[in-house]
Structure formats: structure tokens, C-alpha cells
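Please read these notes with the model open beside them. They go from the chain as a whole to single residues.

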Amino acid sequence: MNLFENLNVPQIGENFETLYKKDGVLIERIVSSDKLESKEYNQPYDEWLTLLEGEAKIQIRDKTVLLKKGDTQLIEKDTPHQVLATQKGTIWLCIHLKKR
């Protein structure tokens, strides 16, 4: 699989594609539009992400974080966070660590 091929860029929101799921680990490729649905996440597991393409602005608790291609971010479990803005076609690679 090539992470940059067969992108399904949505008109609104984000497309989530599971790449791997086993033993408490979930790896996803997420492709974002530039028109997001307002949604706050607060997951019971750690999430590590990297931006493979595009730009994004996320809010983690009360802090706004600007991400560009190549940036990474760890969001610890039980941390409220929300994607505020993205460029159309932004590609994320996210690893959810459901067990420690």
C-alpha cells in the first residue's frame, strides 16, 4: 500500500481507513476535507499522529497547535481534543495505543 495513493478526499469531514488493528493497536490513515464537522474527541487511549501532507490546526485541551507536513503530536488518553481546520486533502497517519 502507498499512503499517498487512492485517496478519497471527502467533500465534508474526514475519511478514516484502518490500516492495522490487532492487540490493542489501531493504525489509521485519515484524509480530511477543508470543511470539517465540529467534533470533540476524548479517547480512553493514547494517540500518536503525524501529518503526512497538508496543514491542520487542532485544539488540545486549551492549547491550539498548528501542524504542517512532517509534524507529529502525542495526545494522551482522556485528553479533550478537536480538529479546528485543515487544508483539503490533508493526510494523517494515526496510531491509537489501546493497551499499555
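1. Strands here are DSSP runs of E with at least two residues, and helices are runs of H or I with at least four residues, both numbered from the N terminus. This is a predicted model, in which local features need pLDDT of at least 70 and side-chain atom pairs count only at pLDDT 80 or more, while totals for chains, interfaces and linings use all residues. Residues are numbered from 1 along each chain as its sequence is written, and side-chain values use heavy atoms, with hydrogens and water left out.

2. The chain has zero helices and nine strands. Its pattern along the sequence is accordingly written β-β-β-β-β-β-β-β-β.

3. The radius of gyration, taken over C-alpha atoms, is compared with a globule rule of 2.2 Å times the number of residues to the power 0.38. A compact globule of 100 residues would come near 13 Å, and the chain, at 13 Å, agrees with that. Along the principal axes, the C-alpha atoms fill a box of roughly 35 × 35 × 25 Å.

4. Buried means under 20% relative accessible area, exposed over 50%, and partly exposed in between (1.4 Å probe, protein chains only). Of the 100 residues in the chain, 37% count as buried. By the Shrake-Rupley method with a 1.4 Å probe, in which only the protein chains shown count as cover for residues, the accessible surface of the chain is about 6300 Å², and 47% of it belongs to carbon and sulfur atoms.

5. A contact means heavy atoms within 4.5 Å. Of the contacts in the chain with a separation of 6 or more, 63% are between residues 24 or more positions apart.

6. What is the place of S33? It is the loop between strand 2 (25-32) and strand 3 (40-41). S33 is buried, because its relative accessible area is 0%. The side chain of S33 reaches the backbone oxygen of K35 at 2.8 Å.

7. T90 belongs to strand 9 (residues 90-97) and is also buried, with a relative accessible area of 0%. Its side chain reaches the backbone oxygen of E55 at 3.2 Å. Not counting residues up to four places away in sequence, T90 touches I30, V31, S32, L51, E53, G54 and E55.

8. Q43 sits in the loop between strand 3 and strand 4 (46-53). Is Q43 buried or exposed? At 13% relative accessibility, Q43 counts as buried. The side chains of Q43 and H81 are joined by a polar contact of 3.4 Å. Leaving aside neighbours within four places in sequence, the contacts of Q43 are K77, D78, H81 and H96.

9. N6, in the segment before strand 1 (14-22), has a positive phi near 55 degrees. N6 is exposed, with a relative accessible area of 73%. R61, in the loop between strand 5 (55-60) and strand 6 (63-68), has a positive phi near 55 degrees.

Terms used
Polar contact = N/O pair within 3.5 Å; in protein donor to acceptor, adjacent residues only side chain to side chain.
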